Structures are given as C-alpha cells and as structure tokens.
Amino acid sequence: MPRHHSIPASDALALSPIAITRSCFKDKFGVPRQPGLTRYARADLIIQPPYNREDAFRGLETASHLWLIFQFHEAVRAEWRPVVRPPRLGGNLKMGVFASRSPFRPNSLGLSVVRNEGLVRADSQFLLRISDHDLIDGTPILDIKPYLPFADSVPDAGLGWAESAPTERLDVIFLPEAEAQLANLPAEQYPDLKLLITDVVSYDPRPSFRRGRDEERIYGAHLYNLNVRFRFMNDRSQKRVEVLTVC
C-alpha cells in the first residue's frame, strides 16, 4: 500500500479572505486605536465567493456583536520585532509584541469586536454591515464569529498598564466653513458624520510624540471620500481641536 506522508499544519495553512472591508476610514491616520472608541464608524464587509451564501450566515442576525479576525494588510513586514512602543504608554516605553495589540506582528493578524448591523444584498453584492469598528478600507476579513457574552466577557480581567478605556478627550469646535460644508452633505450618504469627526479628532490621532502640543500644522483625515482638515490649539484657557473644512 502507498504510504501517505502528513503535511505539517504550518505548511498546509492557507487563508483566503471571507470578506473585504469597505470602510469610512480610508487610511490609517485617524482610525481609533481600538474598536468601540468611535461610536459612529460604519463599514460594509463585502462577502467574497464562495462564502457569499446566506446559509453560511444563518442565525447571525440574533448576534448583537461579532468577533472579526483580520489582516493588518498595510502593516505587513518582511521581518518582525520582539518589542513595540504602545501609543497608550506615550510611545516611549517598550513592551513585548505579544503583550500588545500592535499591528506590527509576526503574522499581521488583528482581532476586533464590532456591532452587527445586519446582512443585506445590494448591487449584486452580499454585505455584512457593522459599526463601532477600527478597520481601514480594504481590510481582509479572515473569519467572523459571534460574540458570546457569557464566555467572552470577563468582568475581573486586568492588564496592568491599560486597565480602562482612554477618557481624556479634547473639545472639538467646527469653524463656520466646516459647518456650512457639513450642512450641504447628504445625511444618507454620510450618516452621523459630524459625530464621527468629533470622535476621531477628540482623541488626538497624532503620533504619540506630537500629542498634547500646540501646533500651527494642519492635519487631514480621510473619512468616506472626504478630507477633514483640522488643527490643535493649546492656549491658556483651553485645549481644543478646530475642524477647518470637510470637503
């Protein structure tokens, strides 16, 4: 009888995207550092063949939240490093990569809990709609699982160096030009856009070494197909963000 040689699991592992993300976040700058921090972030997961069958998602409509396993497709590197500098620690202290949620990982895999907004068919595509996410446009989704509150929530869990969600937020002021531009945008195409912008900029998306500074520099974040331009002010009376234009 012919002998069958087993293949090591690591050699046989092949991942194909279940879905591709169509996100309100068009690039990395401005994306929240964890899911749930930007309440008004929305995305469609475009389910790819052969997974775009309704049978494969039967029962998912009852799940309020989902686990997504995805690839940090813009953080893939030929080499990995054992330590990273988490933004939560100011970018100055080093932690082991496996003690962090850094996108710069050996296999470039990410894990997020998102809100399930339902399945729809639109323009011949099968879509899973989500919100409260931290995914940039084009992110490949490698697996989708229901969030199980009785198993996945651990009330007494701890980490030590990041025990709670960041609570410090800057005041956000929309200048008249930005307000006028927002008023002319169709709400159905840009749902809760002003609230989304407020969430994105209030957490100060700048690199750690620039955060807290008063700068003349104007920053831009791409949300949907818009460029949101803003600057940080730090005078004696108030730290704030001024949104200049939305166009």
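## A four-stranded sheet

Let's begin with an open sheet of four strands, which run in the order β9-β12-β11-β10 with mixed pairing. Keep in mind as you look around that this is a predicted model.

The edges of the sheet are held by β9 (171–174) and β10 (219–223). Each of these two has a single partner strand, so one side of each is left without a neighbour in the sheet. Going from one strand to the next, the twist averages 30°.

## How β9 meets β12

The partner to look at here is strand β12, made of residues 239–246, which pairs with β9 in the parallel sense over four bridges. To find the pairing in the structure, look for D171, which stands opposite R240 in β12.

## A look at S23

Now move to another part of the chain: strand β1 covers residues 19–23, and S23 is found in it. Is S23 buried or exposed? Its relative accessible area is 3%, and because buried means under 20%, S23 counts as buried.

Which residues does S23 touch, leaving aside those up to four places away in sequence? They are R42, A43, H133, L135, I136 and D137.

Technical notes
Residues are numbered from 1 along each chain as its sequence is written. This is a predicted model: local features need pLDDT of at least 70, side-chain atom pairs count only at pLDDT 80 or more; totals for chains, interfaces and linings use all residues. Side-chain values use heavy atoms; hydrogens and water are left out. Two strands pair if DSSP finds at least two bridges between them. Axes are lines fitted to C-alpha atoms, for helices over the stretch in contact, and angles run from 0 to 180 degrees between N-to-C directions. Buried means under 20% relative accessible area, exposed over 50%, partly exposed in between (1.4 Å probe, protein chains only). Contact means heavy atoms within 4.5 Å.
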